[in-house]
Amino acid sequence: MLTYLFEYLEKQYQLPGASLFQFSTFRAAMAILFSLIIATAFGKRIILFLQRKQVGETIRDLGLEGQQQKAGTPTMGGVIIIMATLIPVLLFARLENIYIILLIFTMLWMGVIGFIDDYIKVFKKNKEGLKGRFKVLGQLVLGLIVGAVLYFHPEVTMREHSKTMITAQYTVEEVRGEEVKSTMTTVPFFKNNEFDYTNFIGWAGDGAKDYAWLVFIPIIILIVTAVSNGANLTDGIDGLAAGTSAIIVFTLGVFALVSGNIIFSDYLDIMYIPRVGELLIFITAFVGALVGFLWYNTFPAQVFMGDTGSLTIGGVIAVIAIIVRKELLIPLLCGIFFAESLSVMLQVGYFKYTKKKLGEGKRIFLMSPLHHHYQKKGYHESKIVTRFWIVGIMLAIVTIVTLKVR
């Protein structure tokens, strides 16, 4: 909104400094500043409001040290993250950009699903919250919408690599690549690291490529559902999900910066994605919101994000990764989410298997998700969170290195 205002003032009155709003990096800096101010300044007021409304977390007794002291801590703090992200985005981003529209929709959609889940837990006194099938249904619908938009929308394109050619007059000319619709994505660590989803059905002939959406959209649904649930499982101890997510989102911001800049993308020999540079405004606002929320969520937490925050964070991270064509890096970049989810699947699967075979269920971990295993081993949650953050930073560095290591 402010972008359009300043552009109008510059055009009409040659207002000094208005042209700064043409640059996404300047608007990104303003977005992160505003989101930090909103999350920290208004976060406390929201926490006090939640306390007055008695929106407190119901803690199940899992036998973990310090667990019962957290009973009554305000939840639904994800509202702080959503508010602190969307207000700067509405102020500084170009709202006609299809990627911005898609991310705003993702944040609101997953925020509503998480809010309903938290509402049922708090006000209906149902510890199970929203039934799992309804959560999954919401994630499936989001994945379907995201996949359909990214496949069919005319503004979702990539630019082919520029080529040099020798003309009939024996002169060398640079042929600039054209914008094309593409289902190309990035495969890390390979020299020719681009893979087209149409290859899955390319064997059926050229006509089959028109039906590539039958492969592309289900893959998007799977990614959105998996990452959203992974973030949800990671949100178990103070500061873990918010801090880990801030690291992941910052890294995705680096990819958005280089993929949306024709000079950087050409230098790094990666695909250039037109209009994706505008993501930088959303990403910086999101990082600022997560860091601002972390001010109140670190041990001992004054507020929990609840499913309002965790489901939203996972959904937004998945969609950003898909937009910048880095979804195959998710198992590496979101390694903490992946490990938490895998620990639950292994624990449940092994328990059921041993119970069927031996008549008594056995466990791999002392408790799942993984962070609870370390709590059971006697580690303080602050140490667990800090070490998970360190691992997250290491994974982020390796992920960024994939830009050149092939």
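Residues are numbered from 1 along each chain as its sequence is written. In this predicted model, local features need pLDDT of at least 70 and side-chain atom pairs count only at pLDDT 80 or more, while totals for chains, interfaces and linings use all residues; side-chain values use heavy atoms, with hydrogens and water left out.

**Lys326**

Lys326 sits in the loop between α10 (306–323) and α11 (330–333); helices here are DSSP runs of H or I with at least four residues, numbered from the N terminus. Lys326 is buried, that is, under 20% relative accessible area with a 1.4 Å probe and protein chains only. Lys326 has no salt bridge, a term for a side-chain nitrogen of Lys or Arg within 4 Å of a carboxyl oxygen of Asp or Glu. The nearest side chain of opposite charge is that of Glu327, 7.8 Å away; Lys and Arg count as positive, Asp and Glu as negative, and His and the chain ends are not counted. Leaving aside neighbours within four places in sequence, Lys326 is in contact with Thr185, Thr186, Phe255, Ser259 and Ala321, where contact means heavy atoms within 4.5 Å.

**Helix pairs**

Helix α5 (residues 132–152) packs with α10 at an angle of about 25°, and their axes are 12 Å apart. Axes are lines fitted to C-alpha atoms, for helices over the stretch in contact, and angles run from 0 to 180 degrees between N-to-C directions. The two helices α5 and α10 are therefore roughly parallel to each other, the term for angles under 35 degrees. On the α5 side, the contact is made by Lys135, Gln139, Val146 and Leu150; on the α10 side, by Asp307, Leu311, Val319, Ile322 and Ile323.

The axes of α7 (residues 240–259) and α12 (residues 335–358) come within 9 Å and cross at roughly 135°.

**Backbone features**

| Cis peptide bond | Omega |
|---|---|
| Phe299 to Pro300 | about -10° |
| Ser368 to Pro369 | near 0° |

Pro300 is in the loop between α9 (279–297) and α10, and Pro369 is in the loop between α12 and α13 (370–376).

Asp269, not a glycine, has a positive phi of about 55° and lies in the loop between α8 (262–268) and α9.

Conventions
Buried < 20%, exposed > 50% of the residue type's maximum accessible area, 1.4 Å probe, protein only. Parallel < 35°, antiparallel > 145°, perpendicular 65-115°, else oblique.
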